[in-house]
Amino acid sequence: MNYNLNKEEILLALREELSDINDIQNLQNLKSKYLGKNGLTKSLMKNLKNLDDQAKREYGKVINELKNEIEDIFENKLAELKKAELEEKEKENWVDVTIPGAIRKIGKESFITKTIREIEEIFIGMGFSIAEGPEIEDAWYNFDALNTPKWHPAREMQDTFYITTDQQKLLRTHTSPVQIRTMLKSTPPLAIISPGRVYRKDELDATHSPVFHQVEGLYVDKTVSVSHLKMYLETMAKKLFGNKVSILLRPSYFPFTEPSFEVDISCIFCGGKGCNICKNSGWIEILGAGLVHPNVLKSVNYDPEIWQGFAFGMGVERVALLKYNVPEMREFYKNDVRFIESW
Ligand code: DAH
């Protein structure tokens, strides 16, 4: 029989059909038309049985070559389509890195934290270290060891949040108990400041809050005088409020110091001339201070004949109000982002 097999023609036809194909599914369909069970190469094979041995060998060889070539062509086309598909996907996922990103706001330190950090920096720069104590305190540390006898008004119920009915556990009313804790675990000389939260039974108003912050200071050495105290406090005031500020020590009373002072800074709003913020006095009170009372030294087994000290306790909110010119204390606790951002 006349077995007519033009390999080149078949391949040309295939290439033509392939040029219209641009997805994998259609490629598979076309592939089965050529190589599938009922495809072209299979039917060519079937026809071989009608040929004589010589022709069978000849054409068999050509059909095999054809089949291999067709397989190669499909393989190449498949690779091509896969690559194109991948490129298409990459295009979809393409990110324009020049578009401005979503702006995420980062938090800001509260004025209290900021003020505490500033005070810490100043004293660290003068050789002080930072000490800490618990907010739930024993009456002994908060009062007794600080020479605060039972009859002292600070021990009355309206000031102190007691935790136990025997009034032995309380929320510390000041940071002064950290003086006691520090001295008990250190050997003098020492210089520390201790920032922290304190609690008192005060109604919240423009200048009071039942929870507020103090920074305590304690300095113990062999010769310590009021002039040391004054030098450190004046340096702090100038660093916090500027070089023009001066300080004023007014005699006062605290059970744990003798002599005791209330310390003012010259009014930073009017420069000391007198205005409504300093109530025309030219001075604004920011802390209490004094020389450590001998009874306090005795309570921690420091010999008052050898050791002397000064101490102070400062209201952080008060300093922050002045420094950042905030109208009232409640603003500090509202967490109003507009307020925090406005400074
Ligand atoms: N603890 C006092 C108060 O809360 C402040 C104070 C005054 C602390 C004199 C001191 C000091 O260390 O020496 O009002």
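Before you start, note that the model is predicted: local features need pLDDT of at least 70, side-chain atom pairs count only at pLDDT 80 or more, and totals for chains, interfaces and linings use all residues. Numbering runs from 1 along each chain as its sequence is written, and side-chain values use heavy atoms, with hydrogens and water left out.

**Stop 1: H1 and H2**

Select residues 7–19 for helix H1 and residues 24–35 for helix H2. Helices here are DSSP runs of H or I with at least four residues, strands are runs of E with at least two, and both are numbered from the N terminus. The H1 and H2 axes are 11 Å apart, and the helices pack at an angle of about 165°. That angle makes H1 roughly antiparallel to H2. Axes are lines fitted to C-alpha atoms, for helices over the stretch in contact, with angles from 0 to 180 degrees between N-to-C directions. Angles under 35 degrees count as roughly parallel, over 145 as roughly antiparallel, 65 to 115 as roughly perpendicular, and the rest as oblique.

Now show side chains. From H1, pick Ile10, Ala13, Leu14, Glu17 and Leu18; they meet Leu27, Leu30, Lys33 and Tyr34 of H2, where contact means heavy atoms within 4.5 Å. By class, this contact of H1 with H2 has seven nonpolar, no polar and two charged residues. Ala, Val, Leu, Ile, Met, Phe, Trp, Tyr, Cys and Pro count as nonpolar, Asp, Glu, Lys and Arg as charged, and the others, Gly among them, as polar.

**Stop 2: bring in H4**

By class, the contact of H1 with H4 has nine nonpolar, no polar and five charged residues.

Next, turn to H2 against H4: their axes come within 11 Å and cross at roughly 175°. H2 and H4 are therefore roughly antiparallel to each other. Look for Leu27, Leu30 and Tyr34 among the H2 residues, and for Ile70, Phe74 and Leu81 among those of H4. The residues of this contact of H2 with H4 divide into nine nonpolar, one polar and six charged.

**Stop 3: the ligand**

Which residues are closest to the ligand? Of the 15 residues that surround the ligand, the closest are His174, Gln179, Arg200, Gln214 and Glu216; a residue is near if one of its heavy atoms lies within 4 Å.

- His174: an N or O atom in its side chain is 2.9 Å from a nitrogen atom of the ligand.
- Ser176: a polar side-chain atom lies 3.0 Å from a nitrogen atom of the ligand.
- Phe312: a polar backbone atom is 3.4 Å from an oxygen atom of the ligand.

**Stop 4: backbone details**

Select Pro188 and Pro189, joined by a cis peptide bond with omega about 5°. Pro189 is found in the loop between helix H7 (177–185) and strand E4 (190–199). Another cis peptide bond joins Glu258 and Pro259, with omega about -5°; Pro259 lies in strand E7 (residues 257–266).

Asn147 sits in the loop between helix H6 (139–142) and strand E3 (169–171).

Note on methods. A polar contact is a pair of N or O atoms within 3.5 Å; within protein, one must be able to donate a hydrogen and the other to accept it, and residues adjacent in sequence count only if both atoms are side-chain atoms.
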